[in-house]
Amino acid sequence: LKPHCLSILFLSSLFSSLSSMASSHFLLLVLLVSVFSVSADVFVSLDCGSSEAYTDHETSIDWLGDADYVANGESHVVQSNNSISHVMDTLRVFTTRTKNCFLIDEVEKGGKVLIRASFYYGNYDGKSNPPSFALQFDGNHWASVTTMSDQLVYYETIYVVKGDYLTVCLAQTEENQFPFISALEIRGLDSTMYSHVDDNHALFLRRRVAFGSNKTIRNTDDPYDRIWTPGSGNLIETLTSDATTIDTSHGDQPPQQVLQNAISTNNSLNIISWNMNFLPIDNVIYMNMYFSEVTQLDVNQTRSFRIFQDNESISDPILPPYEDFIQMYVSNLTVSPSTIFSVVRTTNSTLPPLINALEIFTIGNALTDGTNTQDVETLISLQKEFEVLQGWIGDPCLPSPFTYDWINCSSSDPPRITALYLSKFNLSGSLPDFSSMDALETIDLSNNDLDGPIPDFFGTLPNLKELNLANNKFSGPVPASLSNKNGLTIDTSGNSDLCSSSDESCQNNDSSSPGNDQPATGSTKKNNNNKKNNMPIILGTTIPAFLLVWAIVGIFAMLHYKNKRATTSLVNPGQASGGSTPFVNRVQMSENFEKNPEVTAHDHENSTNV
């Protein structure tokens, strides 16, 4: 990230000049704006733990229950004496699985969104022990959540979606501290908003303040439903604009209600300042400052000021316009908790400085592209085959170490899935082909009800070292591609219908096994296979009858010639069961990896004071 100097966004004159352009150029501009606004109509509000849909008349927000967006968790209600709002009365708690995710598919790839996750403990469990846990989105770390007994905590991020859907996940980081969530909101933004940060980085809200306001401002005053909290300070004077309308159509489009108020100093003071001590460590920030004059100045009046970082000026003189606004931003600037920003009156100004609103974000690391696409697509096909696996959504490997409970991943970029631990998952039926997950080293499918022949594709996995198929219902021989594979430890015990591939009758049984139409190669020669499948039936009925006739003849011959020594001996036909049992190399499978996630130092805490 390259640091940028503070810049001014004052675009009303630019938009005025555009009005004089030819109509064809204006049409092009309209088309471009419609493309830029790809996600601006996304507005999803989930009341987590609730099963009802309703409208909050105070904010005009339509809330939905969350059951259609998450596959796990339990609904709970806060204790009645702790109720603060209808939305916050219910919550969803996750007591199983390391990571649980919500999936939102109302977004579009390349759209810019604001996501807000809210948490209100309300002593729902009667333990007076608000938990801490990790919050994630699209495989990226978002925040280390620290909830409070009697206060609402919320976290907000803005970023460009890389896929056709987004996920928000909660992950357990401490024993017996179960993640929960009270509300999840997704708001589409115009793609021109908050565009002074590279699209491959997310913004994490730290402060959003409407100075001079006496109430919180959000929907419907702000069509993007940003939450602007009231702010003031010591020795500060509150100003109210007398403008009936204020143009807010440019920049990051602050709502007019935010610009209707401002704070200033009295004439004896020349500085408005704020510190960054709410940041626990040094951070790279993106900061917006909004300035709008509150009255039409006389010809002999001037309001002019500069922005300072510590003791250094970082702007030219600013003259806030009436019925419009100037937005100034600082992007990719590293600050410390001791950094101080100030609005300082210039020497030729007759009026003290003012400021209407302020937004401060920290800038995240580069967004991940996620787990290897080939592995993810194949894993999804495996989940479609087995319903019990469909409750796991979100990125299977990221952020590390919060993988799905039943997989292990490499540390490469992008990560690859290297292990499947699906023992005792009640899987039944035949296995689909997942040979494209070619980084797999360990596959444990033991203690399920899987049947049919053992797939040949296991033998094509180049990195496979351990394969546990014990205690299933597989039938037929172990494929030669497995029995001949160097460095592979395989356990096929507890599959009573398996037999030795070297036994002729086992091969016959294998050829008669249903589903043995070479599923791994995708063969479609059904007629030929049907002809082959008829052969075991013919052999199975003809040979025993033939042997029975000869056995009867032999008995009579022995009785007739019992005193004569036989000069020949009958050959005992092979057993129908296939003779010898297949070779089994037993192996003690390793237990699932213990995962001790590290809790990061990032704490994107929200506060209402600046």
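A residue is termed buried when its relative accessible area is under 20%, exposed when over 50%, and partly exposed in between, with a 1.4 Å probe and protein chains only. Cys-48 counts as buried because its relative accessibility is 0%. The structure is a predicted model, in which local features need pLDDT of at least 70 and side-chain atom pairs count only at pLDDT 80 or more, whereas totals for chains, interfaces and linings use all residues. Residues are numbered from 1 along each chain as its sequence is written, and side-chain values use heavy atoms, with hydrogens and water left out.

Nonpolar cores were considered next, a core being a set of buried Ala, Val, Leu, Ile, Met, Phe, Trp, Tyr and Cys residues joined through side-chain atoms within 4.5 Å. The largest such core comprises 46 residues, and those with the most contacts inside it are Phe-102, Phe-119, Leu-135, Trp-142, Leu-166, Leu-184 and Ile-186. Strand β8 (residues 112–119) supplies the largest share of this core, four residues. Strands (E, at least two residues) and helices (H or I, at least four) are DSSP runs numbered from the N terminus. In soluble globular proteins, nonpolar side chains tend to be buried together. With contact taken as heavy atoms within 4.5 Å, and residues up to four places away in sequence not counted, Ile-186 touches Val-42, Phe-43, Val-44, Ile-104, Val-107, Val-113, Leu-114, Ile-115 and Leu-166.

Aromatic pairs were identified among the rings of Phe, Tyr and Trp (its six-membered ring) with centres within 6.5 Å; planes under 30 degrees apart count as stacked, over 60 as edge-to-face and the rest as tilted. A search of the whole structure finds 24 such pairs. The pair of Phe-119 and Phe-133 is edge-to-face, because the ring centres lie 5.6 Å apart and the planes stand at 65°. Since Phe-119 belongs to strand β8 and Phe-133 to strand β9 (residues 132–137), this pair ties together parts that are 14 residues apart in sequence. Phe-119 is buried, with a relative accessible area of 0%, and Phe-133 is also buried, at 2%. Phe-133 forms a further edge-to-face pair with Phe-180, at 5.9 Å centre to centre and 65° between the planes. Phe-180 lies in strand β13 (residues 180–181), so its pairing with Phe-133 in strand β9 ties together parts that are 47 residues apart in sequence. Ring pairs link Phe-119, Phe-133 and Phe-180 with Tyr-121, Tyr-124 and Tyr-155 into a cluster.

A charge sits over a ring if NZ of Lys or CZ of Arg is within 6 Å of the ring centre and within 35 degrees of the ring normal. Arg-187 lies over the face of Phe-43, at 3.8 Å from the ring centre, and the charged end of Arg-208 sits over the ring of Trp-228, 5.6 Å from its centre.

Two disulfides (pairs of cysteine sulfur atoms within 2.5 Å) are present. Cys-101 is joined to Cys-169, with an S to S distance of 2.0 Å, and this link is right-handed, with 105° about the S-S bond. Cys-101 lies in strand β7 (residues 99–104) and Cys-169 in strand β12 (residues 166–172), so the pair ties together parts that are 68 residues apart in sequence. The other disulfide joins Cys-397 to Cys-409 (S to S 2.0 Å); its torsion about the S-S bond is about -80°, so the disulfide is left-handed. Both Cys-397 and Cys-409 are buried.
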